[in-house]
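Let's take a friendly tour of a protein model, starting with the whole chain and then stopping at one strand. Have a look at the picture before reading on.

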Amino acid sequence: MPAIDPLLEPFELKHLRLKNRVVSTSHEPAYAQDGMPKERYLRYHLEKAKGGLALTMMGGAACVAPDSPAFVNNIELFRDEVVPYFQAIADAVHEHDTLVMCQVTHAGRRTSNYERDWLPVVSASGDREPQHRAFPKVAEDWDIERIIAAYADAAERCKAGGLDGIELMGNGHLLDQFWSPATNHRDDEWGGDFERRLRFPLEVIRAVRARVGEDFVVGLRMAVDEARPGGLTAEDGLEVARRLTAEGIDFLSVIRGSLDSDNNLAQVIAPMGTPAAAHLDFAGQVKRDLGVPVMHAGRIADLPTARYAIREGLLDMVGMVRAHIADPHLMLRLAEGQEDRIRPCVGAGYCIDRIYEGGEALCLHNAATGRETALPHEVPASDTVKTAVVVGAGPAGLEAARVLAERGHRVTVLEAGSKPGGQIAVAAGAPRRRDLIGIIDWRVQECDRLGVKIRCNTYADASDVLAEHPDVVIVATGGIPNTEIVDGPANLITDTWQILTREVKPGKSVLLFDDNGDHAGMSVAEVVAESGAELEVVTPERIIAPLVGGTNYPAYLSAFAKHSVRLTVNSRVASVARGADRKLTVTLTDECGQTTQTRTVDQIIVEHGTTPVDDLYFDLKAKSQNQGAVDQDALLNLRPQQIVRNEQGTFQLFRVGDAVSSRNIHAAILDSYRLCLAI
């Protein structure tokens, strides 16, 4: 008889029973409304409960007091109104035998002075927090007293809301700011030596435990090793953890590293191109040394790694947050023997980067995550069967084909290239971003399972499409690089695709003009820098790559620093010309139009998004029933498209992705998903 999968083994956490070993650890997807976890929040966590998760933890950095204002649309635990919303979430999640907890914190200096009530933020000392740029007030005795009480009040609200427990947040937040020698420079009873630095967190834990009693789980997320100058060492961190667990902490969520800068954050919440599960062995050592239940989340994106962590006794509970953002039904797939169908997290960091840029968590290639109130995760079957032709096998085309086939339609994909991939295949040409190809591989695999016919090396024209006698045509032909923004002969300009596909080698001296501001330009800049070329990156923006988020930014800047890349902002390439020495003369103007400069280089590379490849669409438009028109109200409400502009038309025609306009991967997939759900 085969042994049970270690991930499916139950686990006893105090009086609670987890049905398996996989949890979604505390994080803030920024879905709160008016500071409350309303319907969108509920549906997000409910989907994971339906998907077989043992424990879903919400409210990353849920705030206990008004002077810890929401910095990523956090839940406001200092308001009694939160209780009924928690009750609704707990009831819904418990129906699926899933537990639910909330993270509880005072962010201290790790927030903004300029949010909500504009109260001054407080910390153990007055050091500025680099990432959120807050200069904190040094907490006085009355601040400390009221914040301790606020923690207890917040914990009581969580218990009253029917939650199964809470997690106190230490890493980078006020508790940590008091116990860490890097941020506590006090010389009073709340700082100085080890014992006095621990006084505030110990008082918080005691107050919380006194309020909620012994029959309520209280955990702690902390950096056992802050891995920064002047911070807690692993030895000191273990002693802190021993003292805190002795006071009533039931489990530890182990972190290694700190959060106070983009670079440090990227070490803790690591993006693609970094080692998987880099701190797993460290978390295992903490478990062995302390003998308390331990969970850990840190780029554990796949079940084999999670399984190893449990089987080898490194963890009691495996945190897989981003993996569940990509596929909230991950554990259900495992239990049903469909592990190969799990939509992979490719580690792009789109979810976390959006949060830190003021957006909400969205998965790069799962359009339904975060939109559960509007979009289902499972594709419903259609009442009728249609013949569909999809032109283009990039992300938009493959998503359209997948969804149409899930609906039960007969689908053929016509792809001009020798294999599927589209622009993702180009983007994955950057070595550090090669995992992006998983977005394509998963869809190709799903299309194969669903019987979709993918015909490559087929540069389709209108007659090829019409020969299939389609009821529906989806044009997903993407775009081609747009370099027309620069005045000069086209043969003097290299586009970013040519570099990433290795069609053109980097020159010895290169100027990259990035008027897009996203990963495309930065990826090419990194490739060119690594080639040994002398490189200058020029952008009209006030900063380099404003669309690249905080966890991805450091890798680019690190490469640029390593190779002495010159960065020029607020400047635009006006023209390029070939000189008598065969060198290129590039003219730059600043955005205010006040100055002009010239550069002499071997090569100029231009990144300005793409221009739609839409000839086929316009060739088919007049022949189609709807002439390409989209009922946007129907689209947004998942109703069938019923526009008729040509009574003689025999098929509906739509275009998606970059065949419409230059956008990102998520936009392309969302286009196809919500359109095809109602076809």
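Predicted model: local features only at pLDDT ≥ 70, side-chain atom pairs only at ≥ 80, totals over all residues.

Now for the overall build. The chain holds 23 helices and 27 strands, and its C-alpha trace spans about 75 × 65 × 50 Å along the principal axes. A compact globule of 679 residues would have a radius of gyration near 26 Å, so the 27 Å of this chain agrees with that expectation. Of the 679 residues, 60% count as buried. Among contacts between residues at least 6 apart in sequence, 72% join residues at least 24 apart. As for charge, there are 72 positive and 95 negative side chains, yet the centres of the two sets lie 2 Å apart.

Next, zoom in on strand β25, which covers residues 603–607. Five of its five residues are buried. In a regular strand the side chains alternate between the two faces of the sheet. In β25, Gln603, Ile605 and Glu607 lie on one side, Ile604 and Val606 on the other, and both faces are covered.

Which strands pair with β25, and in what sense? The table shows two of its parallel pairings.

| Partner strand | Sense | Bridges to β25 |
|---|---|---|
| β18 (residues 493–495) | parallel | three bridges |
| β19 (residues 509–514) | parallel | five bridges |

To find these pairings in the structure, look for Asp495, whose bridge partner in β25 is Val606, and for Leu511, whose bridge partner there is Ile604.

Terms used:
Residues numbered from 1 in each chain as written. Heavy atoms only, no water. Buried < 20%, exposed > 50% of the residue type's maximum accessible area, 1.4 Å probe, protein only. Helix = DSSP H or I, 4+ residues; strand = E, 2+ residues; numbered from the N terminus. Pairing = 2+ DSSP bridges. Rg over C-alpha atoms; globule rule 2.2 N^0.38 Å. Contact = heavy atoms within 4.5 Å. Lys, Arg positive; Asp, Glu negative; His and termini not counted. Charge placed at Lys NZ, Arg CZ, Asp CG, Glu CD.
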